[in-house]
Amino acid sequence: MPPPNTPEEGMAADGLQPLYDEPLQTSSSHPSSEMAHASQDESCILKLDYQNIEYIEPIDDTLLCPICKTPFHSPITTACGHTFCAACINRALETQPTCPIDRQPINKTRDYRRLPLIIKDQLDRLQVKCPNRGCDYECSREHLEGHYERRCEFTQVRCPDPTCTKLVARRDAIATKDCMHVDVACEFCDQSMSFPQLTGHYNHECDANFTECPDCNTPVVRHRLVKHRTQDCPEGNTQCKWHTAGCKVVDKRRIVQEHEQSGCSFEVVGRLMQQRVEDRKTIDELAARLTKVELAQSRRRERRIEHSSRAGRSPIASSSRSAHTTTNLPDITLNNNHMPLFPGSAADDSAAGGSAEDYMLARFERLETQLERFERLETQLEQVRQQAREIDTRQSHMILQQATHFSEQLAEIGSKVGVVNMHMSWLMSLQRQSNAQQRAGSAAAGGSSGSGMSHGSGSGGGARPGSSDDSGVRYLGESRRHSEGRPESLHRL
Amino acid sequence: MSASFAAKRLGKELQKISNSLPPGIELVSAENFDEWLLDIKVLDNNPLYQNETYRLKFRFGPSYPIEPPEVVFVQLPDRPIPMHPHVYSNGIICLDLLGQQGWSPVQNVESVCMSLQSMLTGNSKNERPPGDEDFVRVNRQRPRDIQFYYHDNDV
């Protein structure tokens with residue numbers, strides 16, 4: 001028996017995992033086809049590599065994929081609750097179909113869960129830099145793909161030559177239709193390279209990268225030497241910046257700068273001149289704006305004249321200008337002083353024998369005054385109308401008040417009539433009773449009726465029929481009604 | 001593409017490692033993304049490993065971290081191979097964490113070092129694995145091709 005823990009015995013370990021063999025094979029065939037597809041895509045444009053993005057702010061550890069250690073890209077959460085980039089977990093499952101964190105078995109089709117949107121939002125909002133060298137664009141990660149694949153001038157795209165399979169930066173690709181991958185020689189060293197590499201070569205690789213400035217002896221990137229000598233080199237010759245004001249100082253930049261800082265005597269003049277130039281600029285600008293406004297105004301006027309003349313005296317407007325220069329000449333002379341807007345042009349025109357425009361303007365002005373008068377009349381009319389309306393309301397109000405008064409009085413009268421009516425009926429019934437009593441027999445003479453009579457005559461002079469005094473009188477008629485009503489109410493109870 | 005995947009991941013790790021490492025672990029060299037050297041020390045007073053430093057060599061395949069790295073102890077004049085029933089005298093380590101089955105892509109260089117540290121810390125047997133001499137004499141395989149049998153989990 002071989003000793004435990006030796007390599008030979010380990011062979012048995014193979015048999016321990018037959019369960020995993022099958023899904024492993026099926027899953028491995030799928031990603032490989034994916035990979036082939038991806039490589040095809042790459043030939044036309046390089047996809048944005050999310051693992052290569054530089055993030056502006058430090059990222060919270062919880063947003064990092066535990067496999068690639070970069071912020072999640074299209075993340076997936078497993079049934080056991082762990083989250084990975086889709087690509088990372090897929091690749092990990094190829095070799096071992098368990099969760100890389102807690103080793104719970106994972107079935108790709110069954111155990112992938114939808115990621116909470118809040119995490120997606122967090123990831124989308126991360127601020128990133130464009131991964132292209134030379135591009136300093138920054139945006140949220142959500143928008144980076146659009147920038148990189150469609151807009152960034154530094155993204156590698158296909159060479160404009162359709163037969164060439166190499167890539168070139170987008171900004172260079174637009175400039176020409178020829179292949180960019182013809183070798184060009186660096187003008188400073190012996191190397192030759194293709195055009196897209198040239199800029200990088202100049203800045204970073206070229207052996208003759210640095211050269212000494214002949215004036216100040218400091219190393220300068222060679223292709224920036226010209227700029228250095230004309231703008232930066234402290235030993236290069238230059239003029240005082242106030243040379244336009246008359247300063248004659250011409251010396252090395254270092255000295256000239258000192259001279260400028262210590263106070264060039266021409267500085268005051270120079271500043272004045274600068275200011276004057278600026279003022280002049282604003283004046284020109286304002287003048288241009290003024291002429292524009294005037295032009296627009298005159299155009300508007302013309303249009304209005306046309307409009308009004310078409311509506312009114314069409315023959316004058318439509319007929320040629322020469323017609324009214326003769327017929328309506330007085331108008332022009334009269335109205336010439338109402339033209340403050342075009343003093344120059346009016347004078348020119350009048351010198352040429354009076355222009356149609358002036359006439360039209362005059363007409364227009366007259367029309368305008370008429371219009372004003374109309375408007376005034378209109379407002380007056382409106383005022384009158386309002387006054388009439390006011391009077392109307394006041395009157396109706398008064399009528400209403402009076403009417404209510406009348407109706408009140410009417411109601412009073414009505415009630416009084418009712419009272420009289422009652423008295424009448426009472427007297428009538430009394431009369432009837434007495435008649436009946438008289439008819440029943442003279443022998444039976446009721447004291448009660450007598451007393452009722454005396455009562456009734458007494459109360460007859462009173463104003464109120466419903467007072468307590470006549471309760472005795474009403475007793476006769478109403479008591480019956482009461483006695484009849486009572487059993488009914490009892491019944492109901 | 002997969003090669004660059006490993007490189008990117010190792011770049012991230014290197015960035016983190018060079019900033020801070022747990023006590024007892026030191027980065028010796030990481031010139032490329034193929035092979036790194038680290039030194040580890042056992043921090044407690046285990047008499048077996050006191051005052052010793054051990055050199056670890058990591059070798060990363062192109063599919064790291066999906067595949068485990070190859071980790072061995074390296075012998076140098078001042079860097080012995082630690083005595084441990086899972087460490088062969090040629091430096092090969094028998095640890096399930098470093099095998100296909102035990103490895104997980106969420107592991108990293110730092111976590112492997114720490115696991116090895118704790119593996120040594122917990123050991124009290126001053127011995128080599130059984131069959132060490134034969135294995136060392138016979139073996140020409142690289143550690144990743146060896147099929148270990150992890151028979152005990154208590155050491």
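**Note on the predicted model, chains A and B**

1. Arg385(A) counts as partly exposed, because its relative accessibility is 44%. The model is predicted, so local features need pLDDT of at least 70 and side-chain atom pairs count only at pLDDT 80 or more, while totals for chains, interfaces and linings use all residues. Residues are numbered from 1 along each chain as its sequence is written, chains are lettered from A and ligands numbered from 1 in the order in which they are written, and side-chain values use heavy atoms, with hydrogens and water left out.

2. Arg385(A) has a charged partner. Its side chain meets that of Glu382(A) in a salt bridge, at 3.4 Å from N to O. A salt bridge here is a side-chain nitrogen of Lys or Arg within 4 Å of a carboxyl oxygen of Asp or Glu. Glu382(A) is partly exposed, because its relative accessibility is 37%. Both residues sit in helix H14 of chain A, three residues apart, about one turn of the helix. An α-helix has 3.6 residues a turn, so residues three or four places apart point the same way.

3. Helix H14 itself deserves a look. In chain A it covers residues 356-440, which is 85 residues. (Helices are DSSP runs of H or I with at least four residues, strands are runs of E with at least two, and both are numbered from the N terminus.) From first C-alpha to last, H14 reaches 122 Å, close to the 126 Å expected at 1.5 Å a residue. That expected span is 1.5 Å times one less than the number of residues. The buried residues of H14(A) include Tyr359(A), Met360(A), Leu361(A) and Phe364(A). Also among them are His423(A), Trp426(A) and Leu430(A). After H14(A) comes Gly441(A), with a positive phi near 155 degrees.

4. H14 is also tied to another helix. Arg304(A) and Glu368(A) form a salt bridge, with their closest N and O atoms 3.5 Å apart. Arg304(A) belongs to helix H9 and Glu368(A) to helix H14 of chain A, so the bridge ties together parts 64 residues apart in sequence. Arg304(A) is partly exposed, because its relative accessibility is 44%. Glu368(A), at 28%, is partly exposed as well.

5. Val268(A), Val269(A), Leu272(A) and Met273(A) form a nonpolar patch, with about 350 Å² of accessible area together. Patch members have over 30% relative accessible area and no salt bridge; like charges are joined within 9 Å, and nonpolar side chains (Val, Leu, Ile, Met, Phe, Trp, Tyr) within 5 Å. Areas come from the Shrake-Rupley method with a 1.4 Å probe; for residues, only the protein chains shown count as cover. Met273(A) lies in helix H9 (residues 267-311) of chain A. At 36% relative accessibility, Met273(A) is partly exposed.

6. One annotation falls in chain A. An unreviewed UniProt entry marks residues 65-103 as "domain: RING-type". UniProt positions follow the numbering used here, feature names are shortened, and annotations may be inferred rather than shown by experiment. In the model, the end C-alpha atoms of residues 65-103 lie 16 Å apart. The span is 26% helix and 18% strand.

7. Now chain B. It has three helices and four strands, in the order α-β-β-β-β-α-α. Of its 155 residues, 48% are buried. Its accessible surface is about 7,600 Å², and 47% of that belongs to carbon and sulfur atoms. Among chain B contacts with a separation of 6 or more, 60% join residues 24 or more positions apart. Contact means heavy atoms within 4.5 Å.

8. Two loop residues of chain B show such links. Pro68(B) is in the loop between strand E3 (53-59) and strand E4 (70-74). It is buried, because its relative accessibility is 17%. Beyond four places in sequence, Pro68(B) contacts Leu98(B), Gly99(B), Gln100(B) and Trp103(B). Leu97(B) lies in the loop between E4 and helix H2 (109-121) of chain B. At 10% relative accessibility, Leu97(B) is buried. Its contacts beyond four places include Trp103(B), Val112(B) and Ser115(B).

9. Which residue forms a salt bridge with Arg9(B)? The partner is Glu13(B), with the closest N and O atoms 2.8 Å apart. Arg9(B) and Glu13(B) are both buried. Elsewhere, salt bridges that share partners join Asp39(B), Arg55(B), Asp78(B) and Arg79(B) into one network. Over all chains, the whole structure has 17 salt bridges.

Technical notes:
Buried means under 20% relative accessible area, exposed over 50%, partly exposed in between (1.4 Å probe, protein chains only).
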